Structures are given as structure tokens and as C-alpha cells.
Amino acid sequence: AAQFNRRRTDKRKTGRKTHQPAGERGGQTMHRKRKWEQGRASRQVQFLTAEDRETGGKACWDQLEIVGNVKIFPPGLCCMTYLRYLYMSHNKISVIPSQISQLKNLVHLDLSFNMIKILPPEIGELTELKELYLQNNQIRALPMQIGRLFQLTTLNLNHNPLSPDISQLYNAETTQNMLSWFLDSEGFAMPPPPSRNWRYLRNPNDTSDGMAFTLMCYNVLCEGYATKKQYPYCPSWALQWEYRRRGIMDEIRVYQADILCLQEVETEQFSVFFKPELAKSGYDGIFSAKSRAKTMSASESKYVDGVAIFWKKERFNLIKEDVIEFSRMAVERYEKDCKDNHEMINRVMVKDNIALMAIFEVKDEVSAQSRQLVVSTAHIHWDPEYSDVKVIQSIMLLSALWKKIEDHMLQQRPGVESVDVTSMPLIICGDFNSLPESGVFEYLATGKINKSHPDFKELGYENILDKLTPHRSQHHPELLEHDLNLVRCYDQEVGMRYTNYTYDFRGVIDYIFFTGAHFSNIGCLDMIPETWFTEHNILGCPHPHISSDHFSLLVELELKPEQQQQRDLVRK
């Protein structure tokens, strides 16, 4: 059998601190190096099993031990980026090169019993590291960047001439607290990102009779979700709401969007912070908390998050507002005509996500006539295991919007029996927690989804999907379709490769859609340049200079003149 034999030079306890009080250390055998004994095989790794060899499997290995009084860290070692375990104890290495940062897959690094005096700052880039053994070296100080090793559970610095401050910190705190101290201290010196670039999607000198306005969609990360457990790579002070809310408000004020659509706004913070602060800049706003808030006391419900819409009062006049509760819709549909599928109760009803709708009146700057448009923002369920719930919620979102717009148009036109809902300008945006290859995106962006789409998880929704929408112009029985003709801003991820940027996940899950017959996209704001993240080894957001784990989306749209809208509708 192909095996790789290694030795273990000392017995280590689990946890971080393996040292004893000063008076008890002198007699420990770990002070003495043991000579390499040929054939010692206390650590063994099997690369190929008999079954692997029979089936033609190839050997792969992720562990390496280097012994033999080595004085220089091998230059080519840093190219072995597949390594996960590296044992280099009991050598005479004095310098660790900065290139060690290339070994990003390391989870165990043993550099004990060497002659190391200084750790390079690049050690902080080994963010997968869980065990780091540095005992019996000549280390006096640690780089601030060591605080970035947020997954580290074992750090052994015994028998090093640590400076008094570091020694006191090491002996008094747990590994996590010690690393947090370094991370918090380094955070004050982290450089700010460069400005985000504006991307024109058409010639800015082109003239038009339409009305241009800007809209921002922004998941602000509510206080209850911004925990150290969820974002361990962020300095603790940068997670505090009192700090983050200033950054959020600064971003809103810098761009001065005409319409703001916010997600994860806490109930109390809407009243005591967002609404009064934005009122100073000429905004008014509406808000709705998630459905669970209705079942709670006032002291509990104030911490429930929801969605909000703000608008510049000088440009828009609110005509009507409404809330879309997906859990309530699930119950109503189940009771009415979906009892054949219990998943509407077991999976969809128990998720209390919501959407908010606002109907605005705006004065046409050319004709001086009043026109109306609808803005809706939603926060769809987050869990990837509930892809079916996400699609159902998106279907119910369009269903509810269609019905509410239809009812509003009929109220505006007494005596009229039917109206063309597609003639109403509509913007839908929010955190959909769904990637561009998801069923949610496919349904919204293309206007259709196969009833047997994998995201439905074969849970028997096929027979009830047609009943989830009051309007159907179905041309193919195997598809569920809608007629809103939605167009996505930031098409094909141009300028916005990510909207959610954390250590564990990076992707596009926030969107702005508009009805193509009524709006055109003049421009959009690009994300922070990716080079800044790579050059400064930014592990994820939130960050001292980025207040949420989401980036705000900012677009400039043009509400087309009515004559052009009618022509576009005819073409559609």
C-alpha cells in the first residue's frame, strides 16, 4: 500500500493552551528535541486503498512533513497550494517568507521548535487555518493580521519570549478573544474602498421627452442578524448598529436616489432612525414588518425586520400602499383550491416573508399631466434548501401585484369592466436570495418557468401552479407564464458581479426589474472595484467601510413618454 510515514514530535492537548504555570514548566520533556529516528511511523497517511488501486484510482495527498534540521523554508513549498496539513517542527527555520500566503488551503500548520523570530503579516491570509503551533520559537510580537484567522481554534505560543503585552493577552484570553483583539485593532487602519463608478447604458447626451429618476435597492442588514458568529471576520465594533447605521445613511445621502427600496429594516429603527433622518433630506416613507410581528408584543415586535419604501416628496406623491404577505396568501390559496398539496402549509405558509407595494403619482414634466407608476420591493426566503418556497413566493408576488394593480385601475375608472394591467408602469426590486441560474430568476426575467423545474423539488406543485395566479395567458400547458415583460437592470451582471459579498458566499441575489414597455435604463452604479478586495485581502462584508453584507443597487431609469409607451406596448 502506498503510505507516507511521519512522526509526531510531541503530544498536544486539544484546545489552545497547552502550557503550565511558570513554576511547572521546567521539567517538561517538550523542551528537548528528539533526534529523527529512521523508520519512526507514528503518523501514517494512506493515499490509495486496495479498492482504489483495483479501480484505477489516482493517488492524491494534502499532507507533508519536512524534517532534518532544515534552516531555510523551501522556496517551492509555497506553490503546493493543495496542502492542508504542513508539519515542519524541530528544524532550524528562522524566516517564514511572505509567499506562505499562497497556501490558502492549510487547516493545520506546525512550525514549533524552530528559530522563528517574526511572523509575516501574510500569515493572516491563511483564513482556513484551524490549528497553528508556534511553541518553542523566538517570537516576541505578532502581526495585527493574525486576527484575520477567524477559524483558528488552537494557537500554541508556549515557550516564546513574548512581549509583556502579548504575553498577558495570550495567558488571559481564549484564542477567539485574543484574535478578536487583534482584528479589532487592525480594523482602525483598514483602507477605505475607492469610489464606485457610474456606468452609462446609453449616450448621456441623448435627449428625450421622458422623465428620468434614480432608484436605490439596498439590503441594510438589520441589527439582529449582524452577529460575530455570522460575520467573525469583521471587527466587533464595525458590527455595532450605532456604527453601521452611520455608514448606511452616508451611502444613501451620497447618492440621493429619488426612490429608496430597503430590506431588513427593523421595526423600531424605521420609526426612530430611518424615517426622521431621511425626512431631513426630503423623503417620506412606508414600512411593513414580517408577518410574525403581528403575533408578538410591542416589546418583541420592534426587533422584527421588514421592508420599506422612501421617496422624494418633491417628485412623487403616494396614491396607495399595500402589503403582500406570502404566508397569508399560502393559507388562502390552500383553503380555496390548493388542498391537494400540503406543502403550501408545511413549507410555504411557515415562511413569513413579505413585499411592499406603492402606487405613485408623478407629474409629466413635458405634458404637465399626472401619471402613475407602481414600485414594489420584496424580501424572499433565504434558505437554499427551500428553493421551492422561493419560486412559489415569487409567483405569488406577481400574482398579488397583478390583482392589486387591476383593482386600483378599476377603481380609477368607474363603469369600466376590464383594464389592461400591462399598461401600468411597474418596478419590482429587492433581495430575492436567488442566483441568476435559479427558477426565481428564470420566471421573473423570461416570463415563464417549467412546472417540473428542479427548484420545485418534485413536491407536487404542478397541479396547483395555475391556481396561484388570477391571470393566465398560458400558451404551453407545461409552463407557468406571466405577461409583465420584465427587464432586468444590470443585465448579464455588467458592472455588478456580486450583490452579496461574504466569506462563505458571493453572488448576485438582489435585482431591479422594470416593465420594458414603460421604462428605459439610462445608467447604473458599478460595484466597488474587485481589485480593492483582492489587494487588501478583504475577506467579506460587513467591513469597517462597508456597512452591510449587500451592496446597494442604484439605477437611473426613464419613464417613457406616453406616446412611446403605447407604441412599445403594441410591439410587445
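How many bridges join strand β15 (residues 370-379) to strand β16 (residues 426-431)? Six bridges join β15 to β16, and the two strands run parallel. The views below come from a predicted model, in which local features need pLDDT of at least 70 and side-chain atom pairs count only at pLDDT 80 or more, while totals for chains, interfaces and linings use all residues. Residues are numbered from 1 along each chain as its sequence is written, and side-chain values use heavy atoms, with hydrogens and water left out.

**View 1. The open sheet and its strands.** Six strands form an open sheet of mixed pairing in the order β13-β14-β15-β16-β22-β19, where strands are DSSP runs (E, at least two residues) and helices likewise (H or I, at least four), numbered from the N terminus. Two strands are said to pair if DSSP finds at least two bridges between them. The edge strands, β13 (317-325) and β19, each pair on one side only.

View 2. V374 stands opposite L426, and V375 stands opposite I427. On pairing with β22, β16 runs in the antiparallel sense over five bridges, and the bridge partner of C429 in β22 is I512.

**View 3. Helix α11 against the sheet.** Helix α11 (residues 439-446) lies across β19 and β22 and runs at about 20° to β22, the angle being taken from 0 to 180 degrees between N-to-C directions of lines fitted to C-alpha atoms, for helices over the stretch in contact. The buried residues of α11 are G439, V440, F441, Y443 and L444, and what covers them includes α10 (387-412) and β22 (510-515), contact meaning heavy atoms within 4.5 Å. After α11 comes G447, whose phi is positive, near 85°.

**View 4. The largest nonpolar core.** A nonpolar core is a set of buried Ala, Val, Leu, Ile, Met, Phe, Trp, Tyr and Cys residues joined through side-chain atoms within 4.5 Å. The largest has 65 residues, of which F274, I309, F533 and F551 touch the most other members. Strand β9 (residues 211-219) gives the most to this core, with six residues. A second, separate core of 48 residues includes A355, M424, L444 and F456.

Methods: Buried < 20%, exposed > 50% of the residue type's maximum accessible area, 1.4 Å probe, protein only.
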